[in-house]
Amino acid sequence: MTRVAAIDCGTNSIRLLIADTDGAGTGATACTGTGGEPVLRLRDVERRMEVVRLGQGVDRTGRLDPVALERTLTAARAYADLCEAHGVERIRFVATSATRDAENVQDFVDGVRSALGVEPEVVSGAEEAELSFRGAASVLDTDVHGGPHLVVDIGGGSTELVLGQRTPVASSSMDMGCVRLTERHLLGDPPTGEEEAAARADVRRLLDEAAAAVPLGRARTLVGLAGSVTTVTAHALDLPAYDPTAIDGAVLGVPEVLASCRALLRSTRAERAAMGFMHPGRVDVIGAGALVWSEVVERVRREVAAAGGELSTVVTSEHDILDGIALSLAEA
């Protein structure tokens, strides 16, 4: 049994997974080999998430804001204490969109190294996509959810689309996420029709580029990951409070998903804040995340129909890049 810690530092949040791993193939998360035999497992010890908004203003300035950086490093130091308390043997720290775009990324790297004693990895969009796919695919029941699977990870600064079965065969990373889109377009409360139209045009342009690299019409199962998708799912399920067990693996009809996306996008911030499942750090950006998810769902449904198939439902997963990072550590 090996105890590992995976840390995912994105544009909006920094998250920690501490897990025990072995090759017995049972437990919370099991990854299976090509012949269906269980080869690796994760058993959660602790999951944490802090909204630090590291990417605040990066789209406009190209630099990490000093205050946002200090919020992030404070969370990293708290995670270091948790890793020590839990006797973690291996740590992998992965940073994504905001740090990829920032010219002063070295300040971030030096701060994380000082806080945790490990070198943070600023991964490419392609590697981020692969890790997200790995985490989601590790728990998919392929008898229920047939492949190929299209896994979509909507972050604060970027959105990854990955098509594959147990391994990716095509992927694309779009420079568009809930924080970036909010800062660019959705400034009203609620957004104006003109703001919404401009945001949708931006997302559709990027989806055109992604569709050139990823054959969206081949997808048999669409899987959504990360906070924007899980929050839309909580709304669609009418949850009184955020409940990961109800959200993980939820299968929703496409009309339900699109209706919840519209409702969240067009509500005021005060209305969102009053929703029992809403994390305070998502109140101002969930409208943008919902818009991105609605555009992805609509586009994939059309592409699948054009290829002679039908996409009537989507799946939500609580297992994502964190699980992929932890699995990579377990194999190291």
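Select Asp238 in this predicted model: the residue sits in the loop between H8 and helix H9 (244-247). Display its backbone torsions; phi is near 55°, a positive value in a residue other than glycine. Most residues other than glycine have a negative phi, and most peptide bonds are trans. Asp238 is exposed, its relative accessible area being 65%.

Colour the buried set: Ala226, Gly227, Ser228, Val229, Thr230, Thr231, Val232, Thr233 and Ala234.

Within that set, centre the view on Ala226, which belongs to helix H8. Ala226 also shows a positive phi, of about 80°, although it is not a glycine. Is Ala226 buried or exposed? Its relative accessible area is 16%, and because buried means under 20%, Ala226 counts as buried.

The remaining stops concern peptide bonds. Select Gly147 and Pro148 and inspect the bond that joins them: it is cis, with omega near 0°. To place Pro148, show helix H5 (125-137) and strand S7 (149-154); the proline is in the loop between these two elements.

Finally, move to Asp189 and Pro190. Which geometry does the peptide bond from Asp189 to Pro190 adopt? This bond is cis, and its omega is near 0°. Pro190 lies in a loop that has helix H6 (178-184) on one side and helix H7 (193-213) on the other.

Methods:
Residues are numbered from 1 along each chain as its sequence is written. This is a predicted model: local features need pLDDT of at least 70, side-chain atom pairs count only at pLDDT 80 or more; totals for chains, interfaces and linings use all residues. Side-chain values use heavy atoms; hydrogens and water are left out. Buried means under 20% relative accessible area, exposed over 50%, partly exposed in between (1.4 Å probe, protein chains only). Helices (H or I, at least four residues) and strands (E, at least two) are DSSP runs, numbered from the N terminus.
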